[in-house]
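Please look over the model below. The report that follows works through selected local features, one group at a time.

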Amino acid sequence: MKYWLKTALQKDFVGYTLVSLLIAWPWLRPGFVLTLDMVFTPTLRLPSTVTNTYPFFALLHYANVLLPSELLEKVLLFGILIASGIGAHRLAQWLLPATKEPLTKWAPCAAGLLFMINPFVYSRFMAGQYLVLLGYALLPRFLRALLRFLEAPAWKNMLWVSALTIAIGIVSIHDVGMLGIVAGSYGALQFWRLRTHSARLRTLARYSALSIVLVVAASSYWLFPGLLHHGATAQTIGHFSSVDRAAFATTGGNAASRVVHVLRLQGFWMDSRGLYVLPQEAIVAWGLFMLLLWVVVAIGIRESWRYSRGRTIALMGVMGLAIILAEGTLTGWLATHLPFFAGYREPQKFVALVALGYAIFGAFGAARLARIASAHRVLRAGTVVGLGVLPIILALPMFNGFDNQLAPKEYPSDWAEINTQLNADPASFKTLFLPWHQYMYFSFADRIIASPAEAYFDKPTIVSNDPQYKGVAPEVADPLKQRIQTQILPGAPAGTHLGAQLAPLGVKYIIVAQDDDYQYYNFLNQQTDLQLINATPSLALYFNQAFKGAAQ
């Protein structure tokens with residue numbers, strides 16, 4: 001208790017909490033923050049399959065017994081913002097050389113703000129990829145723990161590195177590969193440094209091996225099935241192909257263009273779809289401010305080189321490899337030859353490591369500029385303000401609830417009404433949810449989101465898993481859904497016995513949301529074996545009169 005109280009009272013915690021409130025204060029209103037892949041529902045259920053995220057969602061499920069899911073979602077989102085800022089701040093504070101110059105003490109703030117507020121974080125929030133962002137928020141803490149372990153390999157330091165690796169692996173399998181790049185770069189540096197110190201080298205090797213054993217053992221529930229090509233994770237990765245890699249490639253007409261996008265912490269495939277405001281659309285001459293960031297980072301690289309050439313080379317190596325991977329040219333070859341790499345069908349995620357490098361070198365650059373400005377009163381104030389404002393300008397739409405693009409929304413009351421009506425039926429059955437889209441526009445969310453029906457309704461609900469994007473196949477092959485999509489629904493408008501076709505699948509009810517292209521499904525009213533039993537403002541519920549019992 002004392003530890004948590006002490007942490008809460010620390011200045012950096014208070015500061016980044018206030019910045020988070022400036023970003024997300026609209027989220028304090030009732031409702032859920034709904035966007036594309038982030039679709040929380042009132043009841044958070046246990047996962048039906050075991051993947052790396054099973055412990056995380058199980059924790060959310062049991063926490064939901066005591067706390068409302070909308071509160072859990074907002075705690076999680078605020079936590080991502082605060083943890084990103086504090087983690088980078090404390091990492092920079094630990095890396096920067098000690099100084100008595102008061103102005104340079106603001107340099108870690110540049111790292112914290114830049115890692116917390118940037119185009120990468122903005123786009124991933126807009127896409128609802130909160131698990132990727134949760135792993136991202138833990139990256140600076142991992143690097144700090146790793147550096148401590150490499151300098152002083154001992155039980156405590158080894159356990160911290162292992163615990164953070166396991167935690168990041170649970171929330172985001174994609175970030176595990178990034179940990180490998182960071183650990184490989186800095187680990188290689190330290191092993192090289194100790195090449196003539198056999199006793200210290202053996203100690204480091206022994207504790208490193210022990211850490212790997214602990215991580216593998218704790219991750220065995222998803223790692224071993226994946227390596228053996230079994231389990232949900234392996235099935236998902238196994239379905240990714242060159243079609244997926246082309247659809248989710250980093251944006252840019254050629255390699256040079258893609259590299260520029262990566263250096264701007266952009267290039268996310270969703271940035272080009274017009275689903276949200278881009279930072280450069282909100283700020284005039286945005287590119288000049290990004291150029292200014294590059295200048296600060298370049299100054300930081302030079303300053304870091306003066307202080308520690310080895311660590312500078314290691315971090316530049318991390319950034320260089322991240323840029324190459326994020327650009328995407330090697331993705332196809334690596335997916336063929338490297339286990340699990342096929343899971344990076346969208347390689348722009350590696351931009352997270354570029355952002356980490358910008359934050360660290362940005363802090364060194366800020367410290368250098370602060371020392372230059374310390375002798376001039378006007379420059380002193382301008383430097384502090386400028387370095388603080390720069391990240392804000394680069395991702396200005398993040399503020400005020402992401403420019404009110406991510407305002408909390410309530411599920412319509414009739415969703416609960418229909419759920420209650422279905423629960424009143426004690427039989428074993430399935431419900432078909434239409435329109436048949438994995439992602440669609442819902443008026444209550446005021447945007448395109450993944451269909452929440454499967455998670456919302458208590459009875460088993462069949463929802464499309466086809467992303468309907470550039471020929472990309474569903475992540476997991478589902479014969480039942482494929483049969484509905486390819487054999488049953490295409491012929492339904494011309495027929496009158498849809499209920500009889502659905503009955504063998506165990507479908508007793510059909511729900512039609514009055515959103516998107518719902519008018520197309522007016523053919524349900526001509527079916528002789530379907531009966532409309534409830535029509536609410538946002539949903540229509542049909543009873544399948546051909547249903548005689550559970551599916552065979």
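Is D446 buried, partly exposed or exposed? The model is predicted, and in it D446 has a relative accessible area of 46%. That value lies between the cut-offs of 20% and 50%, so D446 counts as partly exposed.

D446 sits in the loop between β2 and β3 (447–450). Its phi is positive, about 60°, although D446 is not a glycine. K470 also shows a positive phi, about 50°, and is not a glycine either. K470 belongs to the loop between β4 and α24 (479–488). With a relative accessible area of 57%, K470 is exposed. A further feature concerns a peptide bond. L434 and P435 are joined by a cis peptide bond, with omega about 0°. P435 lies in the loop between β1 and β2. Most residues other than glycine have a negative phi, and most peptide bonds are trans.

**The sheet**

Five strands make up an open sheet, in the order β4-β1-β5-β7-β6, with mixed pairing. β4 (461–462) and β6 are the edge strands, each pairing on one side only. Helix α22 (residues 413–423) packs on this sheet. It touches β1, β5, β6 and β7, and its direction makes about 15° with that of β7.

β1 (residues 430–434) and β5 (residues 507–513) run parallel, joined by five bridges. In that pair, F433 stands opposite I511 of β5. β6 (residues 530–535) and β7 (residues 539–544) pair in the antiparallel sense, also over five bridges. Here N534 faces L541 of β7. A hairpin of three residues joins β6 to β7.

**Helix α22**

Which residues of α22 are buried? They are D414, W415, I418, N419 and L422. These residues lie on the same side of α22, because they cover an arc of only 145° around the axis. An α-helix has 3.6 residues a turn, so residues three or four places apart point the same way. On the other side of α22, S413 and T420 are exposed. The buried residues pack against β1, β2 (439–442), α23 (453–456), β5, β6 and β7.

N544 is in strand β7, and S69 is in helix α4 (residues 69–95). The relative accessibility of N544 is 0%, so N544 counts as buried. S69 counts as buried because its relative accessibility is 2%. The cut-off for this class is under 20%.

What does N544 touch, leaving out residues up to four places away in sequence? Its contacts are G499, A500, L502, A503, V507, K508, D529 and L530.

**Helix pair α8 and α10**

How do helix α8 and helix α10 cross? The axes of α8 (residues 155–171) and α10 (residues 198–218) come within 9 Å and cross at roughly 35°. The crossing is right-handed. On the α8 side, the contact is made by W155, M158, L159, V161, S162, T165 and I166. From α10 come Y207, L210, S211, L214, V215 and A218.

**Helix α11**

P225 is part of helix α11 (residues 220–227). Its relative accessibility is 25%, so P225 counts as partly exposed. D403 is 178 residues from P225 along the chain. The C-alpha atoms of P225 and D403 are separated by 43 Å.

Terms used
Residues are numbered from 1 along each chain as its sequence is written. This is a predicted model: local features need pLDDT of at least 70, side-chain atom pairs count only at pLDDT 80 or more; totals for chains, interfaces and linings use all residues. Side-chain values use heavy atoms; hydrogens and water are left out. Two strands pair if DSSP finds at least two bridges between them. Helices (H or I, at least four residues) and strands (E, at least two) are DSSP runs, numbered from the N terminus. Buried means under 20% relative accessible area, exposed over 50%, partly exposed in between (1.4 Å probe, protein chains only). Contact means heavy atoms within 4.5 Å. Axes are lines fitted to C-alpha atoms, for helices over the stretch in contact, and angles run from 0 to 180 degrees between N-to-C directions. The arc is that of the directions from the helix axis to the C-beta atoms. A crossing is left-handed if the near helix is turned anticlockwise from the far one by less than a right angle, and right-handed if clockwise.
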